[in-house]
Structure formats: structure tokens, C-alpha cells
Amino acid sequence: MGQAADTIVHARTGVAETRPPAATDTTLAERGAVTLSAHDNLADVEQVWRGFQETADCTPFQTFDWLSAWQRHIGAPNGVTPAIVIGRRGDEILFLLPLGVERGVFTRRLTFLGQDLCDYNAPLLAPDFTGVSGSACADMWADIRALLQATPALRHDTIALGKMPAKIGAQPNPMLTLDVQLNPSNAYETDLAGDWEKFYTAKRSSSTRRRDRTKLKKLGDLGEVRFVNPDAADLGKTLDTLVQQKSKSFARMGVGNLFAKPGHAAFYAELATAPQMRSLVHLSRLDVGSTWAAVNLGLTFRDCYYHILASYDDGEVSRFGPGAAHLRELLKFAIERGLKRFDFTIGDEPYKRDWCDSEQLLYDYAASATLRGLPVTGFAQARRSAKRMIKHSAPLWALVVRMRTIVAVWRKKPDAPSIVPAADPDER
């Protein structure tokens, strides 16, 4: 990582929160110009991290605010120890790799910090990081593993790194020099060019645009349709509405409720309402009269809008596609803001292909670090391969969706309305 170096210096710092970093530096091997350090306390690296992310190639999911909020609400309460690896050449930071160690019943697992709630997982790279040979990256990874295993708080039995993109900014992702597998899901993105009307006309056929206008008119018959960027006083209530709507959607689809997991609702509440998140997080609504018909939580980072969470009201307005109408307003919003890309992130929902001109493959890496981790890793790799095969087989995936829906119907109360799979793009 960085220009290929013949030797690497390994350093271990900040492995005990009760001791200052300078007092815990330990040289593990001395081979030249690159220094590796591992840190288990985010406060120790906050200033360095914030400074580096200003110029580094990364996604919003690697920013300090995102991952520190995750660690505060989800990671720390569940016993996750940060394992932040920083590579330096002299005073220059070459990369920052945000990892964490999760405690299981029998094993400890090394993952990306916040991995499950990050749509993309990757290191932060210096702009001039390119040019490293595959063998140099492999050697660097071996050195990182040795450093972490030499740090008692960061020892682990298995490694599970998920949802890694092929590129970070314009640079190849050095993590893909590992023996990676395809993630079960892909990600989707579209370039934003020209004004909204030109973009919309290029992306949607005349018949589709006519259908969109008809549905929008029917929404208008129910009340004034407005795209709303809530003020600070309304942010919390708007997020609560998203959580309620999305929770109903999860129940209809027969999948677990993301917000029912410990710490998740509090994490998203901080993202939506904390003042320091305002430049990153964009919360918006589509109102139809007095009904908050659709809600979206997205991210604006550099030249890109990231579409993260979307929901819609399941009442009368749902018949006329409020979620799809809201999405069009978000695309228009991004274009008017001068953004160059709209990233639908991970997930193979059909509506994404309607808008997107590029599909991004994502990759996973799994390995055992100890003998204890061997069976866990083998099972995880087989499960991942089976999941991708099912998701990319239309008949098999349709069967899975149908079975989930049947289970959801079976679990619901007898007086609840019947549940059927939704083909409309409003069902996200």
C-alpha cells in the first residue's frame, strides 16, 4: 500500500485506553519506510482520521462521524473492539483501515467496523496510493494480520470482510488482491448529466413518463404534493415516520426489522438529527396534503448522492406510487445541487436497473485465523455462495420471496389485512 516498499515497520499503539498512545508503541518488525499502527480507541485517532478523510479516497461509510456513531450505539454495547490500522510513510498517511473485532460465543471475528450497516466497506486511501503491486498488497495484508494477532485486544479466530467495491474513488481497491468471492448482491449507480428534464427523458420512455404523470395527478387529487426538506425541529418526527413505515414494509416482506435490533434506531436517530451530520445526511419527505406519503434518508458526499433508506405510507396514497414520485424528486434535487452521480447502493431491486447505467460488483473475503475458526469460515463461505446463487436465479429468488411472505401472513394477527408481495418500486 503506497508505493511498493521493500520493508515495513510495524508499530502497535493505543491498545489500552488507560495508557497514552506514545507509551504503548511497540516495534514488531523493522524493514523500511512504512509504519503500521493499530488502535482500539477511536478517540485516539479522531483528529488524524478527520484530517485524512478530507483528501482521502473513501465513501461516506468510512467517515469518522458515521463509524463513531455506529460504535457508540451498536458496536460498544455489543462488545466490538475497534481495530483501526494506519499505514504511514514518514509523516504521510498512506491508508486507514477501519476494522473491528467482534466477540462471539466461541470465536472472535475480524470485520470492517460497522460492516452490516455500511453499504460499502473499504480502507481510506491517500490520493497517490495507486501503483502498488498485488504482491506488495498481499505482503502488507500479512503484516497487518500479524500486527493485530500480536495485540491481545485485537486477536481473532476468523476474518469476514464484506461488501467491498472494486474501486475506491478512481483507485483500485487493494483489498481485492485477497482471495475474494462475489457478494450475493450488486450495487447500482447512474451518472447525473444536464438538467432534470433531459435526464428524465433519457432514462424513461414516453409511456412511462405518461404513467408517472397520471399517478402524480391522482396523488394531487388527494392533496397538494410537496417535496419537503424538514427543518431541524421536524427531523426527529420525520425519521420516526420513516421507521414506522419501513417497519411495516419489513413485516409485509417477512424479513427482520432493522430498527428492532439493539442500538439501530438510536444510530439512525443520531444520523438524522445531530448537527454535525447535517452536511452528510439528507432527510426528506414527499407530502400529499397532510399525509407524509414517503420518506427518505440519503447521504450527500462529495459529488454523489447515496440512496440509503426509503419508505412510504401504506394507506390510500400507496395506490399511486408515492415512493417512486419521491425518488424522482430526489434525482431532481441531486441534479440541481450539481452532484454528478446518484448511487442506489447495494441491493438488486428491479427499480434500480430502470434508472442506472452502471452495475457494481461487490466482493467478500473470508478466512480462518486460527484452527478454531476453520469450521466457522467454511460454513460462512458455503452460505455466501448459496445465497448469491439463489438471488441471481429468478425462479429461486421468487420462491424465497413468496415463502417469506407466506410466513409473514401466518405470523400476523387474524384481523390484520392480507399481505401480498409488492411489484411496485415503492416496496423497497
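Leucine 96 stands opposite leucine 124 in S7. The structure is a predicted model, in which local features need pLDDT of at least 70 and side-chain atom pairs count only at pLDDT 80 or more, while totals for chains, interfaces and linings use all residues. Residues are numbered from 1 along each chain as its sequence is written, and side-chain values use heavy atoms, with hydrogens and water left out.

Strands (E, at least two residues) and helices (H or I, at least four) are DSSP runs, numbered from the N terminus. Two strands pair if DSSP finds at least two bridges between them. The pairings of S5 (residues 92-103) are listed below.

| Partner of S5 | Sense | Bridges |
|---|---|---|
| S4 (residues 81-89) | antiparallel | 9 bridges |
| S6 (residues 108-112) | antiparallel | 5 bridges |
| S7 (residues 124-125) | antiparallel | 2 bridges |

Arginine 89 has glutamate 92 in S5 as its bridge partner. The hairpin of S4 and S5 has 2 residues between the strands, and glycine 90 takes a positive phi near 65 degrees there. Another hairpin joins S5 to S6 through 4 residues, and glycine 100 stands opposite threonine 111 in S6.

How many residues of S5 are buried? Of its 12 residues, 9 are buried, so S5 is largely enclosed by the rest of the structure. Buried means under 20% relative accessible area, exposed means over 50%, and partly exposed lies in between (1.4 Å probe, protein chains only).

Leucine 176 lies in the loop between strand S10 (171-172) and strand S11 (181-182). Leucine 176 has a relative accessible area of 23%, so it is partly exposed.
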